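Subject: Structure handover

Hi,

Here is the structure I promised to pass on.

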Protein chains: 2
Amino acid sequence: MNQEVTKCDCKECMLRPLFFDNIEDKDLKNVCNSKHEKSFIKGDLICEEGEEIGDFMYLKSGLVKIFKKVNHNRDQIIKIARPFDFVSMLSVFSDTHYKYSITALEDSTVCYINLSAIKKLVNNNGRFALNLLKNMSKNSDDLIDTSINISKRNLRGRIAYVLIYFAEYIYKSNTFELPVSRKEIGEFIEMTTENVIRTLSEFRKDDIIKINGKIIEITDYNRLKQICDFG
Amino acid sequence: MNQEVTKCDCKECMLRPLFFDNIEDKDLKNVCNSKHEKSFIKGDLICEEGEEIGDFMYLKSGLVKIFKKVNHNRDQIIKIARPFDFVSMLSVFSDTHYKYSITALEDSTVCYINLSAIKKLVNNNGRFALNLLKNMSKNSDDLIDTSINISKRNLRGRIAYVLIYFAEYIYKSNTFELPVSRKEIGEFIEMTTENVIRTLSEFRKDDIIKINGKIIEITDYNRLKQICDFG
DNA sequence: CGCGGCTTTGATGTTCATCAAGTAAAGTGG
DNA sequence: CCACTTTACTTGATGAACATCAAAGCCGCG
């Protein structure tokens with residue numbers, strides 16, 4: 001399943017500005033030495049609700065879903081996250097055990113930094129701490145925004161919203177392959193699998209999108225945007 | 001409306017353990033000197049979406065609602081907060097302007113600490129920073145929990161949930177006066193005013209609660225709990 | 001090959017929002 | 001302080017939006 005990979009040089013890491021801006025080289029080296037990476041393939045479980053938290057982790061590449069069990073056969077997807085999204089914020093500082101599960105939606109690489117190394121850094125480096133606070137705060141704000149954005153829309157609006165989310169935010173293209181099943185879309189935007197499918201079919205019949213299995217092409221962006229904004 | 005009040009001694013503050021545990025007396029004194037308090041009466045606007053953020057603020061006494069405009073005549077209530085709930089987390093570290101509004105649901109007192117004083121403290125005191133991180137993280141977790149708790153329930157379940165929320169969490173009593181209107185309940189738990197009223201009336205007819213205007217008495221807690229947990 | 005999970009569509013019924021209309025309560029100005 | 005206006009509350013009737021149930025095709029996997 002997942003496997004250790006050779007770790008990169010943190011100094012050169014693309015994600016450095018996220019957490020490790022304004023950090024002394026020697027501090028960064030310490031962190032870098034205490035860290036390890038794992039790669040996961042699509043579908044792999046990265047961490048599970050209830051497990052003990054040992055590391056601060058963040059997504060280096062790929063795409064993941066963060067979710068929580070609500071029923072036997074239904075999860076609630078809280079967030080679909082790329083690199084630069086703040087993955088590990090959840091519970092790390094408030095709890096000893098994960099409150100959420102994470103699985104890879106695409107092949108992904110995750111960096112693990114020992115929690116006590118992070119805490120030491122917070123202790124010693126105010127700018128690092130402030131940056132962390134900023135990221136967590138932003139993360140909270142985004143969660144609230146998403147939640148409101150979903151619940152205020154009707155079903156057509158939700159599907160339009162999620163399609164635009166994938167096109168603009170994740171893939172930056174009007175044609176993309178859905179990284180999730182119809183069921184998962186429903187678990188993200190609060191609707192049943194059947195209605196996800198039905199609404200997608202409606203959009204297809206209305207010539208707003210083309211569907212080929214998981215591949216979606218948005219052919220009438222303006223109409224879609226209009227439905228998203230309520231029309 | 002609101003007025004400045006004489007400030008208390010931070011050293012003795014009931015809320016000290018929340019933020020200012022393990023803090024040097026001289027640091028606390030600095031913070032204490034840079035802070036001020038304001039009192040608000042029920043209904044007062046404490047801060048408004050879009051305003052510039054100048055201070056880190058937290059609720060010292062009272063009860064407030066944190067909300068966001070979604071339409072002309074509908075707000076979304078994000079949180080109903082007491083002292084010890086982390087009020088000022090929102091946006092303070094991630095933005096220069098408030099993303100939410102806050103109004104007093106009961107007479108309230110708010111402490112204001114200059115943001116740069118807080119940031120200086122984060123810089124100089126790792127334990128303070130870690131504690132702040134812990135509070136923000138907890139706050140995020142709670143937001144997610146509440147959001148899921150609401151959206152997974154049907155209307156009767158939501159009303160049961162919110163009544164138990166007030167009885168257990170806010171007032172610690174089976175008899176209490178609602179601090180919010182029927183409309184506001186709807187804005188908190190995602191339902192129309194009419195259905196809030198209808199469902200409350202149903203519960204009254206079923207002898208689960210007694211209603212006298214804003215005063216609610218839970219007479220059959222077990223049934224209510226059952227409805228909350230799905231029955 | 002067959003089983004289980006994912007997808008699709010249709011038919012049906014429930015849940016909930018909307019509309020309407022009236023009462024009660026609370027704030028406003030003369 | 002009382003008429004007036006507005007806001008909160010309440011109930012019923014109606015229809016739309018959505019979930020549920022059912023049945024069948026498809027695909028990947030052991």
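Let me begin with A:Phe84, which counts as partly exposed because its relative accessibility is 39% (buried is under 20% relative accessible area, exposed over 50%, partly exposed in between, with a 1.4 Å probe and protein chains only). A:Phe84 is not a glycine, yet has a positive phi of about 80 degrees. Look for A:Phe84 in the loop between S5 and H3 of chain A; helices (H or I, at least four residues) and strands (E, at least two) are DSSP runs, numbered from the N terminus.

Some ground rules before the rest. This is a predicted model, where local features need pLDDT of at least 70 and side-chain atom pairs count only at pLDDT 80 or more, while totals for chains, interfaces and linings use all residues. Residues are numbered from 1 along each chain as its sequence is written, chains are lettered from A and ligands numbered from 1 in the order in which they are written, and side-chain values use heavy atoms, leaving out hydrogens and water.

Chain B has a positive phi to check too: B:Asp207, a residue other than glycine, has phi near 60 degrees. B:Asp207 is in the loop between helix H8 (193-205) and strand S8 (209-212) of chain B, and counts as exposed at 57% relative accessibility.

Now the two chains together.

Chain A gives 34 residues to the contact and chain B gives 34 residues, contact meaning heavy atoms within 4.5 Å. Between them the chains bury about 3000 Å², 64% of it on carbon and sulfur atoms (the accessible area, 1.4 Å probe, that two parts lose on being put together, summed over both). The rule finds two salt bridges across this interface, a salt bridge being a side-chain nitrogen of Lys or Arg within 4 Å of a carboxyl oxygen of Asp or Glu. B:Lys99 forms a salt bridge with A:Asp145, with the closest N and O atoms 3.3 Å apart. On the side of chain A that touches chain B, H5(A) supplies the largest share, 18 residues.

Over all chains there are 20 salt bridges. In chain B, B:Lys65 pairs with B:Glu184 at 2.7 Å between the closest N and O atoms. B:Lys65 lies in strand S4 (residues 55-71) and B:Glu184 in helix H7 (residues 182-189) of chain B, so this pair ties together parts 119 residues apart in sequence. Both B:Lys65 and B:Glu184 are buried. B:Glu37 forms a salt bridge with B:Lys35, the closest N and O atoms being 3.5 Å apart; B:Glu37 is buried at 3% relative accessibility and B:Lys35 is buried at 2%.

Last, the inside. The largest nonpolar core has 98 residues (buried Ala, Val, Leu, Ile, Met, Phe, Trp, Tyr and Cys residues joined through side-chain atoms within 4.5 Å). B:Phe20 is among those with the most contacts inside this core. Leaving aside residues up to four places away in sequence, B:Phe20 touches B:Leu28, B:Val31, B:Tyr58, B:Ile113, B:Leu121 and B:Phe128.

Cheers
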